[in-house]
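Colleague: I'd like a walk through this model, one feature at a time. Could you give me the general idea first and then the case in hand?

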Amino acid sequence: MKNFKRVISAVIALALSASTFVAVSASKFSDVDNTSYAEAIDVLTALDVIHGYEEEGGLVFKPEGEITRAEAATMIVGALNMNADAKAAAGTSKFTDVNEKASWATGYVNVGVAQGFINGMDDTTFAPQENVTYAQMCVMLTLITGYGDYAKAYGGWPTGYTTMAAQAGINKGVAVSNDTPLKRGQVAQMLYNAITTPVLGVTEYRLDGNTYSKLDGSGTNKFKSILSDKFDGYVIKGTVDSFPAAGEVKLSDVTSDYVKAEDADKYFDGTGPYAINKAVIENGIDLSTSIKQQVKAILYVDANDKKHLVFATQTEAV
């Protein structure tokens, strides 16, 4: 099982409230806002994981469009924040059909092989132009979140992987059969689920075998997800106290354990309410319409320690 080398400060990425959502973000894609994939697509776009298409009527994502195995692998590498690594790894792939039919993807496929989530159809073929299926996506996402060995123990291909994907919440919002070719929106949703769910990691190192646990912030476990590990990003839930100016938002009733983390000052300045100051507010977010409302927000810190608020959804009144 993959051993995670870096453990971050504690935070709980909270599940969605059961109440009706009111979006306070506007998608950059004209065909996304009214879909169930809007949050996933908008956040992954902000993280430079996925991209859309320029058409005469504007920018579109084509959530119902088909997606190939090469394109899905590229998205996963992006979700690991390894686009630069893929660029450096471009050239020749071990898979002859990638070299012949999808040479643009060689770097991404090479990174996928190195990261252990790409094995190919056999030793020399990857089938890059075939549509990615639900079961194939479950395998790749189960592997990057650390559940691969457990998937093997549950029966391996395909049932073990689909079972673990369901237990980890990776398949949330995508209910299809194993062999179903996925749509772009479905892949985005599964990928978003994968990067926000707690990963499986080592919680005790032992000579007779390490102990693995879900790093969900419970007990003495520290929280870790791909979003937090690769992007320094978190899901935060709280009540909007004020939204006084561009780049500022004050939250009360913040229930994420992240506020107790050692580096919480990266996100919050001040106490009760917590103030998120000098953040880049993206995707047309307007929290002034959600004063005294509970919101779920997605926030990340870039390489220059700049905070980015990339998504917000109103959940319920208080």
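Modeller: Let's start with burial: a residue is buried under 20% relative accessible area, exposed over 50%, and partly exposed in between, with a 1.4 Å probe and protein chains only. Helices (H or I, at least four residues) and strands (E, at least two) are DSSP runs, numbered from the N terminus. In helix H8, the buried residues are Gly160, Tyr161, Thr162, Met164, Ala165 and Ala168. One caution before we go on: this is a predicted model, so local features need pLDDT of at least 70 and side-chain atom pairs count only at pLDDT 80 or more, while totals for chains, interfaces and linings use all residues. Residues are numbered from 1 along each chain as its sequence is written, and side-chain values use heavy atoms, leaving out hydrogens and water.

Colleague: How many helices and strands are there, and what share of the residues is buried?

Modeller: There are 10 helices and 11 strands. Of the 318 residues, 52% are buried.

Colleague: Back to H8, then. What do its buried residues pack against?

Modeller: Packing is read from contacts, meaning heavy atoms within 4.5 Å. The buried residues of H8 pack against H6 and H7.

Colleague: How do H6 and H8 cross, and is the crossing left-handed or right-handed?

Modeller: For the angle, axes are lines fitted to C-alpha atoms, for helices over the stretch in contact, and angles run from 0 to 180 degrees between N-to-C directions. The axes of H6 (residues 134-144) and H8 (residues 159-168) come within 8 Å and cross at roughly 65 degrees. For the hand, a crossing is left-handed if the near helix is turned anticlockwise from the far one by less than a right angle, and right-handed if clockwise. The H6 and H8 crossing is left-handed. On the H6 side, Tyr134, Ala135, Cys138, Val139, Thr142 and Leu143 make the contact; on the H8 side it's Tyr161, Thr162, Met164 and Ala165.

Colleague: How many residues of H6 are buried?

Modeller: The count is 11 of the 11, so H6 is largely enclosed by the rest of the structure. Its buried residues pack against H2, H7, H8, H9 and H10. Just past H6, Gly146 has a positive phi of about 90 degrees.

Colleague: And what about H2: how many of its residues are buried, and what covers them?

Modeller: In H2, 10 of the 11 residues are buried, so this helix is also largely enclosed by the rest of the structure. Among them are Arg69, Met75 and Ile76. The cover includes helix H3 (83-88), helix H5 (106-115), H6, helix H9 (184-196) and helix H10 (226-231). H2 is followed by Asn81, whose phi is positive, near 60 degrees.

Colleague: Next, rings. How many aromatic pairs are there?

Modeller: Rings of Phe, Tyr and Trp (its six-membered ring) pair if their centres lie within 6.5 Å; planes under 30 degrees apart are stacked, over 60 edge-to-face, and the rest tilted. That gives three aromatic pairs. Take Phe29 and Phe61: the centres are 5.6 Å apart and the planes at 50 degrees, so this pair is tilted. Phe29 is in the loop between strand E1 (22-23) and helix H1 (38-46), and Phe61 in the loop between strand E3 (58-60) and helix H2 (69-79), so the pair ties together parts 32 residues apart in sequence. Phe29 and Phe61 are both buried.

Colleague: Which charges sit over rings?

Modeller: The test is NZ of Lys or CZ of Arg within 6 Å of the ring centre and within 35 degrees of the ring normal. Arg184 has its charged end over the ring of Phe61, 4.1 Å from the centre. Arg69 does likewise over Phe126, at 4.3 Å from the ring centre.

Colleague: What does Val32 touch?

Modeller: Val32 lies in the loop between E1 and H1, and at 0% relative accessibility it is buried. Leaving out residues up to four places away in sequence, Val32 touches Ser27, Ala38, Ile41, Asp42 and Phe61.

Colleague: Is Lys152 buried or exposed?

Modeller: Lys152, in helix H7 (residues 148-153), is exposed, with a relative accessible area of 54%. From Lys152 to Met164 it's 12 residues in sequence and 9.5 Å in space, C-alpha to C-alpha.
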